[in-house]
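Work through these exercises with the model open beside you. Try each task before you read its solution.

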Amino acid sequence: MRVKLFAMGLTSLLLSPVAGADDTVFDFTGKLSSEFQAYPDEGQFVGQAYHSNASIALETAFYWGFNEGDDSVIFTPFIRIDQQDEERTHGDIRELSWIHAGDDWELRSGLRKVFWGVTEFNHLVDVINQTDAVEDSDGEDKLGQPMVNLSLVREWGIVDLYVLPGFRERTFAGVDGRLRSGVVVDTDSARYESGEGDQHIDTAIRWSQSFDLYDIGLYWFKGTNRDPRFELGLKNGTPVLIPVYEQMDQFGFDGQATLDSWLLKLELMRRDTRSEDYSAMQAGVEYTFYGVSETNTDVGVLVEYGWDERGKGADVLFQNDLFFGSRITLNDESSSEFLAGLGYDIDYQSHSLVVEASSRFGNNWKLSLDARIFESGSNQDLMTNIEQDDLVQLTAEYYF
Amino acid sequence: MNLTKSFYMLMTMTFLSNPVLAQTPEERGLEIAKEVKQRDFGWADMQAEMLMVLRNKQGEESVREIRIKSLEQEGDGDKGLTIFDKPLDVKGTAFLSFSHPLEADDQWLYLPALKRVKRISSRNKSGPFMGSEFAYEDLSSFEIEKYSYKYIKDEPCEGGTCFVVEQYPVDKDSGYTRRVAWIDQDQYRVWKVDFYDRKNSLLKTLSFKGYQQYLDRHWRADLQQMQNHQNGKSTELKWSGYQFQVGLDDSDFNKNTLKRAR
């Protein structure tokens, strides 16, 4: 509700005449994407007895720049319509924000998205935004987070101060959706540790700096945990999972060393909540062979390791997992790219494989072919739930 | 006495004339490079728009639109901010670089879909820029220390009479064994560059057209044409909106301005 009011306020601000409107720059762009998913297997749970799914999504971006670019407003609404899962049919304001830039500071206010981190297979330290989990299984789609962010540029680094009023609940697949557990998450009855519920005001501070070949960041976040734990409940006589959002303190570190063709990456975090205190890590190396055998093709090879102090008891997929990946970039006119990632769970001997290929066609189209395979080695592993959700996906994106 | 005087004169003449007579082609090449750099020094900061037209052998075109901002650094390579407008799927992508004459450049890439700033390796000098016939190293700022030189001859060219100078990249990761540049003797502008690949065969020719002078000092070509002789493809770079000394400073080149670049 607060988000909606805020959005309305900002919209009316935009529609009101701006002083010196002559130098206002306006820009409008968008992306229409259609997605066809083929599932070789029917899902293992009720509601998942289908082999295909179609979906379309539209994301547009409106941009206004004024005061010679020192002030700008961005509005990015998003909507998806999904054939099978009504929970995946959803909309969001990805961004509705105003940025004011001073000489060595910026004030960014509104619904925004912030990314922290350096690794590729898991985004451990990226905590500001809630995951839009119905979009994809990679956790890279995020919901717009209300915030006021003051960013200060100093000789000794960039300091970002955040006040985050209002919390966004994670999205979860519905009865007819894939990538879920046997019991559906009831997003209508989320519980909160804080008496203020989803109105709790979170805060965060981050410092980041580049030292020659090393880029590092450190932060402290205090507020509502974006990752819920679950309690069993009943809805109309049917068992459901009720998401419970606790308060947390989290310290995080991310660092990358860029040494010629080598990238060394490390993410660390310590999370304290009422029910548990634990540390977790994601670390890796990436090496790129440039212009292999006298062609323009670059081949990158990466290895990462994900660790969670809680071990097998952790409510995450990656508690003791190894990842191997390769990125092949043709560097041609159509920016053709292939990505492959293999995940291996050392505790449970589970495997996952992700393959992505993409290329541009003409000036406006981009086609991607993705495949995902999940092979659980134990029914104790969370991956057991999605074992029959192997997928081949064709995505056509039109940019305008 | 006479003998002593004669000896003195001989000595003096030798000392005065020797440096000129003994200037090697290498020294002459370096001197020309220094003069090129010196004549353009002091542009402070600039911004411009660049339209890149890629043509394949069949004549099919694809287009890139890019805006750049640069800041001159005394005693170091330039700072640069590159913003991509087209193709539309990479719109909003931006690239920040702090270049250095001999050490590796510092480079960051901003990916707007993820709002992610990535520090990237600058090792990839010889790779194609945006699928074009320009390699990254062809677009980086000219620094004297990046090459060793050899003056070859004088030759008539579009800019009058040109020095023909060979430039040998110092960096082992360069895609070239040598570049041959035609530089006019009047204004020290580059009119043509031949690029020789790692096997020392002619790979590409870059031609400069439509030179204009800014601030009564700095010459910039409106058009750069790169022809690849080995694959038959070409890329045209059309420059517009050149502005010098618009007041950019260090605070316009950091990770925050990279994320905000438009």
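A nonpolar core is a set of buried Ala, Val, Leu, Ile, Met, Phe, Trp, Tyr and Cys residues joined through C-beta atoms within 7 Å. A residue is buried if 20 or more other C-beta atoms, placed from the backbone, lie within 10 Å of its own. This is a predicted model: local features need pLDDT of at least 70, side-chain atom pairs count only at pLDDT 80 or more, and totals for chains, interfaces and linings use all residues. Residues are numbered from 1 along each chain as its sequence is written, with chains lettered from A and ligands numbered from 1 in the order in which they are written.

**Exercise 1.** Describe the largest nonpolar core.

Step 1. Count it: this core has 19 residues. F163(B), A181(B) and W182(B) are among those with the most contacts inside it.

Step 2. Find the suppliers. Strands are DSSP runs of E, at least two residues, numbered from the N terminus. β9(B) gives the most, with four residues.

Step 3. Look apart from this core. Another core lies there, of 18 residues, including M52(B) and F253(B).

**Exercise 2.** Trace the partners of β4(B).

Step 1. Start with β3(B), residues 79–86. Five bridges join β3(B) to β4(B), residues 94–98, and the two run antiparallel. Two strands pair if DSSP finds at least two bridges between them. G80(B) has S97(B) as its bridge partner.

Step 2. Move to β5(B), residues 106–111. β4(B) and β5(B) also pair in the antiparallel sense, over five bridges. Here F95(B) stands opposite L109(B).

Notes. A residue is buried if 20 or more other C-beta atoms lie within 10 Å of its own, exposed if 12 or fewer, and partly exposed in between; C-beta atoms are placed from the backbone.
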